[in-house]
Amino acid sequence: TTPAVFHWPDPAIDSMDEILYRPNNGVGILTTVCNARNNSSIAAQWLRIAYHDMATHDSVAGTGGLDASIMFELDRPQNIGLGMLLSLDDFALSPNEHVAMADIIAMGVINALIGCGGPIVPFRGGRIDATEAGPETVPEPQQDLASHTAAFARQGFNATEMISLVACGHSLGGVRQADFPLVVTEDVPTGVQLFASKIGFDPKVVTEYLDSTTQNVLVVGSNVTTRSDMRIFFSDGNVTMQSMASADKFNQICGDLIERMINTVPSTVTLTDPIEPIDFKVWNTVLYPQDGSLTLLTTMRIINSSLKSTVTLFWKERTGTFCPAAGCSVPSFQVQSAQPSFLAALKGVTGYTMHSFNASIDLATSISYFWFEVTNNDGSAPVIINNQGANFTIDQDVLLFVPPRTTFTSAGLDMVVAVKDLSGTVDVTSTTTLHGNASVPIPSTVTSNFELDSSIPAADGYTFYSASISSASLSNTVHATIDGTAYSLWVPQPLAGVA
Ligand code: HEM
């Protein structure tokens, strides 16, 4: 399959690339070494929450699936476990208006697998979060084989796939005695009876089952009623378990099934093509009036390029003539390198070079679009980066976000936008996505009203409006109706106060 194409501006793909492939971005960092937590692992907790979230899927009705409905289902006995709330807390800062919590749960699974040495599962985005709980359809260990087979069939997995998917899931983590005292009946020093003797995403859960050395309490626990793994693994006379005993087969079967698991979504959801690291990414772009001109800040991020390459920014006027025929241009003022995320590194990204620009644009003629020219300084011809031929188009210069006038406050952010003075009526609001907290881990949306900011005198043909935005903000879209025309502006959180 061909990867999704990034046509700037595309806040969804832009954000997904950030979360997956930039360093230190929440979901990526925590699992890179298969970290232990609560005597199990973060990876195990992230894989389990994803399965439980997906398990509401009804493949006939086309409802449920990976839709973050788990946020509303945590009080059910089937979802008992410390790892559930901790995982949602791990994920809290990563979603935004364009990337659902369900997408973050899917990314969590991908990072859990690679962190523990498992296969690389591709990520597709576009999941939509449920607004209420789904049905109570997570399988429980005391249920019989027929119920489990029916439950997996409903979720879209046949009897063979059920065996494999359970084995894949139970490669990580174990059963907590405090939460499942009827399953873990013997005292375990750590409080968790692990499914396999070795930490890591590998076929130990299978091989130890086959050679009868397994300590998996859902196979050999003294409570026969809750030996659900035993019943499932043995349901075809071990044919499927034997087929998964090698590391290669285990990774291949589990990679495929877990990919299907995270891509199990309501039939109303269409997932994107796989999101791969964006080759030439326009990053943190902002245009605002300042000291008699317009300032354009932007960065071109290039994968695996040498710091010796030079990048030039070009642009064209919006009205009238100011620039030479070839366009106005400015060289980058700064070139920095940045590390890839662990996942990006596994995909062959050795590093990013970030070429940053600060262009001063004539106020009267303004800007309609920009593009870049990359020269490798090795005799090869320069390469034009122009958004696949469409150019990087600035769709309007009437409503602009002004980072240097935006300040952090104790409450969050005093966000300032500039409105081109058309001497008509102006109405500015913003839709802000807020993160949840440790006890209510559910993102929410609030609307804020911007007021004319009398502390900032009108200048350069613009008047300034401000609003106080909560520190729990994940992202904002500013909406304005100016003289009857609607404008909107996506302001990703990292941009606040950059300049
Ligand atoms: C019949 C189906 C299943 C049953 C009855 C079952 C049951 C259980 C139980 C009782 C636990 C202990 C939870 C805890 O103490 O926190 C557990 C843990 C776990 N399950 Fe399953 N499970 C099933 C299928 C799956 C599937 C399909 C996956 C994923 C593909 C999965 C992934 C996990 C993981 C990763 C853990 C470890 C969690 C941790 O250590 O924090 N399970 N399962």
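1. Helix α11, buried residues. In α11, Phe250, Asn251, Ile253, Cys254, Ile258, Glu259, Met261 and Ile262 are buried. Buried means that 20 or more other C-beta atoms lie within 10 Å of the residue's own; exposed means 12 or fewer, partly exposed is in between, and C-beta atoms are placed from the backbone. Helices (H or I, at least four residues) and strands (E, at least two) are DSSP runs, numbered from the N terminus.

2. Basis of the model. This is a predicted model: local features need pLDDT of at least 70, side-chain atom pairs count only at pLDDT 80 or more, and totals for chains, interfaces and linings use all residues. Residues are numbered from 1 along each chain as its sequence is written.

3. Helix α11, span and cover. α11 covers residues 247-262, 16 residues in total. Its first and last C-alpha atoms are 22 Å apart, close to the 22 Å expected at 1.5 Å a residue. The expected span is 1.5 Å times one less than the number of residues. The cover over its buried residues includes α2, α4 (101-115), α6 and α7 (204-210). Contact here means C-beta atoms, placed from the backbone, within 7 Å. An α-helix has 3.6 residues a turn, so residues three or four places apart point the same way.

4. Helix α6. This helix is mostly covered, with 8 of its 11 residues buried. They are Met162, Ile163, Ser164, Leu165, Val166, Ala167, Cys168 and Gly169. The elements covering them include α2, α5 (145-155), α7, α9, α10 (239-243) and α11.

5. Ligand shell. The ligand is surrounded by 28 residues, and the closest are Ser40, Gly81, Pro139, Gly169 and Gly173. At least two shell residues come from each of α2 (42-54), α6 (159-169), β3 (174-176) and α9 (228-233). α2 gives the most, with 5 residues. By class the shell has 14 nonpolar, 10 polar and 4 charged residues. Nonpolar covers Ala, Val, Leu, Ile, Met, Phe, Trp, Tyr, Cys and Pro; charged covers Asp, Glu, Lys and Arg; the others, Gly among them, are polar.

6. Domains. The chain is divided into domain 1 (11-262), domain 2 (280-393) and domain 3 (399-495). These bounds come from an automatic or database domain assignment. The C-alpha centres of domains 1 and 3 lie 40 Å apart. Their contact takes 12 residues from domain 1 and 13 residues from domain 3. On the domain 1 side, α1 (11-21) and α3 (82-91) are the elements that give two or more residues. The largest share, 3 residues, comes from α3. That side has 8 nonpolar, 2 polar and 2 charged residues.

7. β17 (residues 426-434) and β21 (residues 473-482) run antiparallel, joined by 9 bridges. Strands pair if DSSP finds at least two bridges between them. Val428 has Ala480 in β21 as its bridge partner. β21 also pairs with β22 (residues 485-492), antiparallel, over 8 bridges. There, Ser475 stands opposite Pro492. β21 and β22 form a hairpin with 2 residues between them. Asp483 in the turn has a positive phi of about 55°.

8. Strand β18. β17 pairs with β18 in the antiparallel sense over 6 bridges. Thr431 stands opposite Thr447 in β18. Of the 6 residues of β18 (residues 444-449), the number buried is 0, so the strand lies largely in the open.

Notes. Near = placed C-beta within 6 Å. Contact = placed C-beta atoms within 7 Å.
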